[in-house]
Amino acid sequence: GTLSGTLAMDAAIDIKSGSAIHGTITTSSNSLTLNARNTGIMLFQSGGSEKMRLDSSGRLGIGTSSPENLLTLVGTAGTTHQRFKESSSTTGTTATFSGNVGVGNSNPAAFGKFVVEGTGNLISLNSTSGVSKLGFFESGTGRMYLQSLSGSNGLAFIDGNNSSERMRLTASSNLLIGTTTD
């Protein structure tokens with residue numbers, strides 16, 4: 001049948017197939033609860049096809065019927081699928097399935113794999129314990145590390161296996177090679 005107007009109920013709505021209840025809709029003073037019983041899977045469809053799924057483990061999948069993580073997004077390779085931005089921003093943080101990440105940049109592939117665009121201090125490494133390090137790798141092999149000097153200003157250049165300091169730039173602008181003291 002057809003229902004028009006307002007339906008006011010002081011009860012739960014059970015969604016059945018035959019005699020089996022597959023879901024319920026309930027309300028309280030400040031919430032609406034949708035409960036998928038049995039399998040615990042909630043499907044969201046549009047245009048006759050599944051667009052999103054919430055599974056019984058609380059994993060949300062968009063573009064997939066098998067979410068693997070708390071949030072799984074799946075789409076066509078090479079296109080932008082995730083963009084996190086402030087309402088007034090035109091770029092925000094963009095990630096593409098081709099592995100490019102842009103912070104403040106909507107076209108990171110034009111510049112490299114990881115691009116930060118803006119003004120001022122763009123990238124900060126802040127270690128909460130010990131020194132800060134930036135590593136350079138080729139095919140998974142460490143080649144060189146830049147490292148802060150624990151407790152003092154300056155920068156150390158550490159070899160690829162992260163064992164020996166090769167060069168140091170001190171706070172007094174001295175470049176030390178083969179030694180760590182002025």
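Student: How many salt bridges does the structure hold?
Tutor: The structure holds 5 salt bridges, a salt bridge being a side-chain nitrogen of Lys or Arg within 4 Å of a carboxyl oxygen of Asp or Glu. This is a predicted model, where local features need pLDDT of at least 70 and side-chain atom pairs count only at pLDDT 80 or more, while totals for chains, interfaces and linings use all residues. Residues are numbered from 1 along each chain as its sequence is written, and side-chain values use heavy atoms, with hydrogens and water left out.

Student: OK, what does glutamate 50 form a salt bridge with?
Tutor: Its partner is arginine 53, and the closest N and O atoms are 2.9 Å apart.

Student: Is arginine 53 buried or exposed?
Tutor: Arginine 53 counts as buried at 15% relative accessibility; buried means under 20% relative accessible area, exposed over 50%, and partly exposed in between, with a 1.4 Å probe and protein chains only. Glutamate 50 is partly exposed, at 27%.

Student: Which residue meets glutamate 138 in a salt bridge?
Tutor: Arginine 143, at 3.0 Å from N to O. Glutamate 138 is partly exposed at 48% relative accessibility, and arginine 143 is partly exposed at 43%.

Student: And what about arginine 166, which residue does it bridge to?
Tutor: Arginine 166 pairs with aspartate 159, with 3.1 Å between the closest N and O atoms. Aspartate 159 is buried at 10%, whereas arginine 166 is partly exposed at 48%.

Student: Why can side chains like that pair at all?
Tutor: Side chains of opposite charge can pair when their charged atoms come close.

Student: Switching to threonine 64. Where is it?
Tutor: Threonine 64 sits in the loop between β6 (60-62) and β7 (71-73). Strands here are DSSP runs of E, at least two residues, and helices are runs of H or I, at least four, numbered from the N terminus. At 18% relative accessibility, threonine 64 is buried.

Student: What does threonine 64 touch?
Tutor: Leaving out residues up to four places away in sequence, threonine 64 touches Glu50, Arg53, Thr72 and Val74, where contact means heavy atoms within 4.5 Å. Glu50 and Arg53 are also the salt-bridge pair at 2.9 Å. The side chain of threonine 64 also reaches the backbone nitrogen of serine 66, at 3.0 Å.

Student: Another loop residue: where does asparagine 105 lie?
Tutor: Asparagine 105 is in the loop between β10 (101-103) and β11 (114-116), and it is buried at 5% relative accessibility.

Student: Which side chain does asparagine 105 join in a polar contact?
Tutor: That of glutamate 117, at 2.6 Å. A polar contact is a pair of N or O atoms within 3.5 Å; within protein, one must be able to donate a hydrogen and the other to accept it, and residues adjacent in sequence count only if both atoms are side-chain atoms. A polar atom of the asparagine 105 side chain also lies 2.7 Å from the backbone nitrogen of asparagine 107.

Student: What about the whole chain, how many helices and strands?
Tutor: The chain has 0 helices and 16 strands. Of its 182 residues, 18% count as buried.

Student: What share of the contacts comes from residues 24 or more positions apart?
Tutor: Such residues account for 1% of the contacts in the chain with a separation of 6 or more.
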